[in-house]
Amino acid sequence: MALLHKASNENYLSGVQNKLMLILGKKNVVSKDVTDLLDHLCTLFFDLKRKGDVSVNAQDAVSIMIDVLEIVKPEESLKVSKICQIWEQVLQLPNVILSNQTSEKLIVWTLQSVRDENSSVLADILSFLAVAVNYKEIKQAKDLKILLGPSGFVINKLNEDRQVNNLTVLILKVLCNFTYCSGEKDWSTISKDLVEACIIQFIKIQEQQLNSDPSNFNILRVLILCFYGLENIFVRFTTSTAPHLETIFGLARYYMLFGIAGQPLKYAPIRPSSLPFVELPLKCDQTKNPKVRKKRPPSKVQSKNRNQDSHSEEIGIEPHLQTKNKTWAKNSISISSSDSELSDSDVQSYQRLKETQGKVRSSALKMLSAAFKFCDQRSVMGYWSAFLPDSSQGQVYRHSLVTPILKDCSVKVRCSALVALSSLLQAIQPTLAMASYQETRTGSFIPLSHTLAETIIAVQRSLVLSVSAEQSASALIQILKCLAVAATVFPYEKLPMELVSKTIQQCTPFLDNKDPDVKVACLSVLRILLCARSANPQIVQMFNEEKTGKCWLLEHCLTLIDGQSGFPLTLESLLVIGEVTRSNIRVAQPYFQHIVRSICHKLLTDQDSGIQIRCGKALALVGASILQEMEKEDSDQFISRDEAVQLWIYIIRHGLANILQAASVPPLKAEACAALATVGSQIFECLPRELRILFVTLALGCATDGDASVRAASIRTLGFAVTFNTLNDDASFLLDSSEKILPLLLDGNLLVALNASWALGNLADTLDKDQNSLLEEMPRDFLINLIKAAVHAAQGPMKVRCNGIRALGIFVKIIPDVPSQGSETAILLDQAISVIAKQATIGNFMKNRWNACYACGNILQNIKLLTAFSHWMDKLVESLLIVFRSCANFKVRISAANAMLNVKHRELLSHHYIRIWFTLLDSLANSEHIDDFSEFQHHETMCRQICNALCKLMTLITKDDLSQLQEAVMKYYGNKSKNNILKQKKTTEYFFL
């Protein structure tokens with residue numbers, strides 16, 4: 001049937017719907033009419049899919065197909081088959097939305113159809129179901145468990161078939177698509193029982209095929225689907241895999257070498273162990289004498305290749321690092337002694353078989369990668385040793401993730417193995433940090449740190465070997481990415497330095513590779529080696545030229561950005577320059593002028609906004625490095641203040657000012673503002689007056705930009721500026737800054753509001769330092785407006801509150817006049833103190849509670865205010881006592897104890913004095929009860945601060961308090977402590993007499 005254009009497609013659907021309504025209106029439905037209707041629909045949707053035509057309204061098609069279900073009985077096999085084919089096409093149309101009611105109808109109709117047990121249509125039903133279960137509404141259908149549950153029809157059918165066939169493949173497709181949950185939707189409503197049933201079936205089928213024919217394509221497809229399904233489950237339903245990790249990891253280690261010639265496979269579940277390594281495989285029985293076939297003596301070339309292969313298997317030997325001229329030996333099977341004995345079809349079949357076997361290995365490795373990435377870190381710790389090699393002497397070589405990297409002839413498999421290895425190394429980084437190599441050991445005991453070091457050496461040497469031998473560009477890029485991960489997690493300072501030197505030696509030639517992606521990956525490895533280990537002089541020296549002592553990596557990157565190097569290579573070069581400057585200014589110091597000029601020139605002349613944004617980031621890193629250097633003593637600085645000032649003059653005049661004043665793209669303006677924020681007070685005060693004015697103008701002007709990222713960066717710059725020595729006493733600037741900050745506290749963008757609250761806190765600190773002179777120059781309602789804004793911020797989003805609370809405490813502290821009872825100011829201050837007291841006692845975000853205690857300490861310094869309003873003092877004291885009694889976080893308690901140190905007069909505490917003593921002593925006595933071990937590091941500091949608070953209270957003690965305090969002393973201290981405190985009491989009593 002020929003298709004019409006877009007408009008006529010919709011008309012055709014309307015015509016089909018009218019015809020369907022006529023059929024539904026008849027008492028006796030003519031079978032031929034239904035068949036013709038189904039044929040028309042099938043042809044229409046098939047052609048629409050083939051041509052990519054999206055003109056048909058998907059929801060109209062779904063409505064039609066729901067009505068079609070009512071005119072076809074489950075026993076009409078041919079029509080059921082056609083409906084399934086049509087539904088399969090409809091569900092693949094774009095923008096299809098299934099309601100819960102539609103989903104339930106579909107599942108009920110599917111159940112009725114499969115119960116007929118007509119094998120001729122079962123394949124079509126399963127094919128349709130495989131598409132349908134991609135939809136969340138279908139996954140959540142109540143009756144789906146009758147199909148996919150542990151005793152459902154599909155699972156029973158899978159268990160009945162003893163041999164793998166096309167139906168087995170279709171059933172596994174259904175299960176795989178059910179476990180695939182894409183996007184950011186909430187998948188917590190999916191039945192965990194169905195997920196558990198899928199896991200069991202995937203594992204069961206893999207175990208059944210352990211010793212099956214590796215040339216059976218159906219078996220290979222089934223294995224691929226099983227691993228794909230388990231990968232989906234690891235991504236979305238990781239907790240469901242916990243009881244099965246031993247079996248899953250054992251199967252993955254078996255199948256990741258499936259089909260590789262010369263690799264003996266033996267399956268066993270991997271038991272989790274707290275030991276550094278799992279048990280080694282048993283050695284072959286040496287007493288038996290197996291029969292040996294006579295073979296022809298090998299040729300010299302074969303002997304040489306075998307020797308090389310044997311060396312490559314012995315991971316721990318030194319020749320691994322001497323692989324510059326080593327050739328890559330593929331593990332291929334000799335098909336026949338003569339190529340002429342095989343036809344073209346046989347060769348193609350053999351190649352297809354090898355590719356499919358490679359897909360099995362690749363899918364197993366991809367599943368492993370998902371497991372390492374999404375499983376709980378503690379779970380991975382028990383299994384990682386089974387997937388990493390060991391280079392210690394006398395160890396039997398065992399299979400690991402390194403084996404497919406070195407031995408597999410498939411590029412995709414090698415890439416998958418490298419991704420899995422990278423994921424594993426990232427997951428076990430805390431464990432690898434304990435590694436420490438010992439060149440000389442005494443005794444038979446091997447410490448865990450040395451065993452970890454041997455493992456790291458084996459992995460690093462294997463990766464270096466694969467770099468020198470790899471011929472595929474895609475695999476080489478993945479190897480370099482894996483080396484970059486290794487450079488991030490391996491503690492090279494506690495390992496032989498030759499690992500780093502050989503890695504640099506093998507990677508450096510690839511800087512001149514023809515493939516730009518290889519160059520980028522190589523630069524990434526070298527960048528991490530230099531920047532992450534910038535404190536190690538031995539590693540830094542490896543990047544310096546012997547004659548000049550200059551960094552050849554920086555010179556190479558500067559050459560790249562000065563020329564036309566392409567987008568990815570320029571981005572990576574800018575990242576290298578920025579990171580090296582930030583991490584080791586001593587290395588970058590000879591190039592500072594060149595770096596600044598090259599980046600500014602690229603910033604203004606390059607037409608690609610992505611490169612311009614990276615230039616802005618690089619300038620921010622350079623500025624941060626200079627700022628950090630200026631904070632050091634003059635004798636320790638690698639760059640003088642005069643040099644830094646000249647660099648910043650160039651950056652502002654020939655870089656940032658042009659970007660911020662022009663109509664630049666918002667992300668670029670945001671990066672320019674971020675770079676401007678790194679000027680620092682010491683540099684700012686040395687800039688020429690016109691540049692200081694320009695700085696302030698640019699920062700204030702960008703605060704009203706229409707883009708949220710620009711506003712956030714600008715207000716952050718203002719937050720730094722209000723603390724500068726030359727600006728923090730400028731009343732007009734502070735007033736202008738407050739006018740920009742206060743409206744942005746209400747900004748709908750969280751980052752803008754967060755930065756505005758932080759800037760408000762910095763403004764409060766500035767006012768606190770020189771409150772008298774500044775407040776006199778400000779308008780009368782200036783401080784009141786700040787308090788109102790801070791009260792609002794202290795009750796805003798969770799991350800905004802902490803800075804709002806901090807600022808609020810300072811504002812109440814510095815308020816100069818005591819308001820009258822019932823005035824608007826008194827009501828506002830009462831609200832402010834109530835907010836602070838509440839935030840100190842509730843919530844799980846401890847940063848807010850810490851800041852609330854800090855704010856209480858500030859308010860306690862305003863003696864006039866608390867004397868006039870004693871009930872405010874009651875609120876503050878009560879909130880601090882609640883912190884001491886119930887807060888499990890020791891840092892919050894420390895902040896509360898610090899707040900108590902700000903009490904200057906005994907009269908302010910009135911009847912709370914004895915209660916405070918009892919609460920502090922009780923908190924000190926119960927300080928040993930630590931629920932969270934991470935709090936132990938703060939235990940000593942907390943006890944010391946509580947003791948300081950007690951000492952502060954003793955300085956305020958009166959003679960009338962002594963008799964009441966005796967009860968507290970006798971209650972909380974032993975005999976020895978009693979004697980010491982009683983001596984202190986007698987001394988204090990004598991002082992008052």
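## Trp87 and the nonpolar core

In this predicted model, Trp87 is in contact with Val62, Met65, Ile66, Leu69, Leu106 and Phe128, leaving aside residues up to four places away in sequence. Trp87 belongs to the largest nonpolar core, which has 325 residues. Together with Leu368, Tyr492 and Phe811, Trp87 is among the members that touch the most other members of this core.

In soluble globular proteins, nonpolar side chains tend to be buried together.

## The chain as a whole

The protein chain has 993 residues, and 52% of them count as buried. Its secondary structure consists of 49 helices and zero strands.

Contacts may also be described by the separation of their residues in sequence. Among contacts between residues at least 6 apart in sequence, 72% join residues at least 24 apart.

## The packing of helix 25 and helix 28

Helix 25 covers residues 552–562, and helix 28 covers residues 592–605. How are these two helices arranged relative to each other? Their axes lie 10 Å apart, and the helices pack at an angle of about 25°. Angles under 35 degrees count as roughly parallel, and helix 25 and helix 28 are therefore roughly parallel to each other. Their crossing is left-handed.

Helix 25 contributes Leu558, Ile561 and Asp562 to the contact, while helix 28 contributes His594, Ile595, Ser598 and Lys602.

Definitions and conventions:
Residues are numbered from 1 along each chain as its sequence is written. This is a predicted model: local features need pLDDT of at least 70, side-chain atom pairs count only at pLDDT 80 or more; totals for chains, interfaces and linings use all residues. Side-chain values use heavy atoms; hydrogens and water are left out. A nonpolar core is a set of buried Ala, Val, Leu, Ile, Met, Phe, Trp, Tyr and Cys residues joined through side-chain atoms within 4.5 Å. Buried means under 20% relative accessible area, exposed over 50%, partly exposed in between (1.4 Å probe, protein chains only). Contact means heavy atoms within 4.5 Å. Axes are lines fitted to C-alpha atoms, for helices over the stretch in contact, and angles run from 0 to 180 degrees between N-to-C directions. Helices (H or I, at least four residues) and strands (E, at least two) are DSSP runs, numbered from the N terminus. Angles under 35 degrees count as roughly parallel, over 145 as roughly antiparallel, 65 to 115 as roughly perpendicular and the rest as oblique. A crossing is left-handed if the near helix is turned anticlockwise from the far one by less than a right angle, and right-handed if clockwise.
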